Each structure stands twice: as C-alpha cells, then as structure tokens.
Amino acid sequence: MKTVLMVAEKPSLAQSIAKILSRGNMSSHKGLNGTCSVHEYSGTFAGQSVRFKMTSVCGHVMTLDFLGKYNKWDKVDPAELFSQAPTEKKEANPKLNMVKFLQVEGKGCDYIVLWLDCDKEGENICFEVLDAVLPVMNPTHGGEKTVYRARFSSITDTDICAAMARLGEPDHNEALSVDARQELDLRIGCAFTRFQTKYFQGKYGNLDSSLISFGPCQTPTLGFCVERHDKIQSFKPETYWVLQAKVNVDKDRSLLLDWDRVRVFDREIAQMFLNLTKLEKEAQTCFGKDSY
C-alpha cells in the first residue's frame, strides 16, 4: 500500500485537517521532536487505497543568515553586507530538528500533499518542506506526479474536502519572491543596524545605544506608533449623554438596562429619547413574550 505524506503549517491545523478528512477515524502519535504530531488513517488517493500520514511544521523550516565570519561586527564593514557577504540557509529553530523530523516521516512515502497557508510565506515553506522530504521519498516511475498543493481559505468540512478534491501544484515563483524579500531584509537590516549602532555609541549620554535596530518593516511600524501617539496626545474629550432604564421585574427584583446606542453627543436628542422612554410603562424582552 502506498503512503501519502501531508504537511500543514502548524500542529493544530494538521490535527483539524486530518480529523475532517478521516471523519474522526485516525490514530495519532507524537513525532521525534516532541512538538509535531502525526495523524494516520486509511483512504483513497489517485484511485487507489493508500495510507495517509498528516503532520506539520511550525512555521518556516529554514531561515537566512550570513556565513559565520560576517556575523562578527568588529571585523566586517557594514557596507560589505550589501554585496560581498554570502548567505546560507539554516534551520529556523534547531531545537525542533524539523528537517530530520520531516525526513523520518517522509522516508518511503510515495506522494506529498502540501497544506501550508495560502499566501507567499506558505508557498515558500512548501519548498522548504520539499527540500527536506523529496530526497527520501520513494523514486517515481514514468514521470508520475508526486507533489500536490492544497489551497483552502477556511478550516471547514466543505472547504477542506473541496481543496482535497482539486489539488494543484506549489508556485515556485511566489516562493522565490519570499527568498528575495528575506535576503533584502537581512542585508538592509543588518547593515543599517550595525552602522547606526556604532555611529551613535557614546554620542548621547541618555541614549541606550547598545543596539539600535533597523529593518524595512520597522519604519512603517514606527510610523503607526507615532501616529497613534499623536492622536492620543491631541485628543480632546467631548461631553456626551447616556440613557439608562431601571425595570422592576417584581417587588424584589429590578434590572438596569444599557442603551444599545451607548451614547449621544447632542443633549437635545438625549432628552428626546428620555422623554419617550418615560412615556412607556412596560418593557418587553427581545427573546421572549413575557413583558414587565
């Protein structure tokens, strides 16, 4: 019987997808890294009976970094990081042994179905998984298709089953765009962080210049923080009115009702609603027929 390995982006997602596709008839056990579980069940795939193994990663398997000697701040000119410094892929979290885990679970499998998130980052993780698993899978015969990509937008029975029924292929170009973004973030972030940290060290007595970080994502994020701070500082409180009604349920019980509109900023409108409320002698629940 052939085996289909399926990989999701996180453990909880793998469990949910496996539960849906197996209709709850699956067995589960922890993988060698102790973090990712493996869910197994029998079914059909490509017109044949197979054994499914559903597991996951924990986000990115690999991360980009400079070679060791370029991580020494005092021995490398930050300008070198833009062009001369070579990069390499490393495990994103070595403690998880994710590459070894994937190879153990993927060894001897015949097909792989990638259930990574349907965005560019997910597409990039697809190929990180493939780099680890393809070398240990069973060899193909006659150009048989072995790699499939599931695309879904929600974790519902309908969406997951539909995704399984219309499997496609991972998009290599989208994955490469993430590789390019990661390299730009690394080179720009490291170069400017090192440059400005060294530049400001000791120049201002009250400035903690042990590390002054810079990154392409940090600039717009800082802009959002400053914009929010300015709004808070320039906030001017306005007088508003609220309406509350006290309803006597019986001699010993009463209810204090909150206004669905919450508040109004016009006193005359608030007074109008108050006058209308005073004219009423009974209140009725919105979920039943009892009136008080």
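This is a predicted model: local features need pLDDT of at least 70, side-chain atom pairs count only at pLDDT 80 or more; totals for chains, interfaces and linings use all residues.
The domain assignment divides the protein chain into domain 1, which covers 2–58 + 93–170, and domain 2, which covers 244–278. A distance of 57 Å separates the C-alpha centres of domain 1 and domain 2.

Strand pairing was examined for β1, β3 and β4. Strand β1 spans residues 2–8 and runs parallel to strand β4, residues 48–56, with 7 bridges between them. Within this pairing, valine 4 is placed opposite phenylalanine 52 of β4. Strand β3, residues 37–45, also pairs with β4, here in the antiparallel sense and over 7 bridges. Tyrosine 41 has phenylalanine 52 in β4 as its bridge partner.

The strands β3 and β4 form a hairpin, with 2 residues between them. Alanine 46 belongs to the loop between β3 and β4, and its phi is near 55°, a positive value in a residue other than glycine. Alanine 46 counts as exposed because its relative accessibility is 58%, and the cut-off for that class is over 50%. A positive phi near 55° is also found at arginine 23, again a residue other than glycine. Arginine 23 is located in the loop between α1 and β2 (27–30). With a relative accessible area of 79%, arginine 23 is exposed.

Threonine 3 sits in strand β1 and is classed as buried because its relative accessible area, 6%, falls under 20%. Beyond its neighbours within four places in sequence, threonine 3 makes contact with Arg51, Lys53, Cys109, Asp110 and Tyr111. Glutamate 9 is found in the loop between β1 and α1 (11–21). A relative accessible area of 13% places glutamate 9 in the buried class, so the residue is under the 20% limit. When residues up to four places away in sequence are not counted, glutamate 9 touches Ser56, Val57, Cys58, Gly59, Trp115, Leu116, Asp117, Gly122 and Ile125. The C-alpha atoms of glutamate 9 and cysteine 126 are 9.1 Å apart in space, although the two residues are 117 residues apart in sequence.

The largest pocket holds about 440 Å³ of space. Its lining consists of 17 residues, of which Ala245, Val247, Leu257, Thr277 and Ala283 are the closest to the pocket centre. Two or more lining residues are given by each of β9 (245–248) and α7 (267–279). The largest share of the lining, 4 residues, is contributed by β9. By class, 8 nonpolar, 4 polar and 5 charged residues make up the lining of the largest pocket.

The structure contains 1 cavity of 30 Å³ or more, and the volume of the largest cavity is about 30 Å³. Its lining is formed by Cys58, His60, Val61, Ala92, Asn93, Leu96 and Met98. Of these lining residues, 5 are nonpolar and 2 are polar, with no charged residues. Cys58 in the lining of the largest cavity is also among the residues touched by glutamate 9.

Technical notes:
Residues are numbered from 1 along each chain as its sequence is written. Side-chain values use heavy atoms; hydrogens and water are left out. Domain bounds come from an automatic or database domain assignment. On a 1 Å grid over the protein atoms alone, a cavity is a set of points where a 1.4 Å probe fits but cannot get out, and a pocket is an open set with protein on both sides within 12 Å along at least five of seven lines; lining residues have an atom within 4 Å of a point. Grid points are joined across faces, edges and corners, and a volume is the space filled by probe spheres set on the points. Ala, Val, Leu, Ile, Met, Phe, Trp, Tyr, Cys and Pro count as nonpolar, Asp, Glu, Lys and Arg as charged, and the others, Gly among them, as polar. Two strands pair if DSSP finds at least two bridges between them. Buried means under 20% relative accessible area, exposed over 50%, partly exposed in between (1.4 Å probe, protein chains only). Contact means heavy atoms within 4.5 Å.
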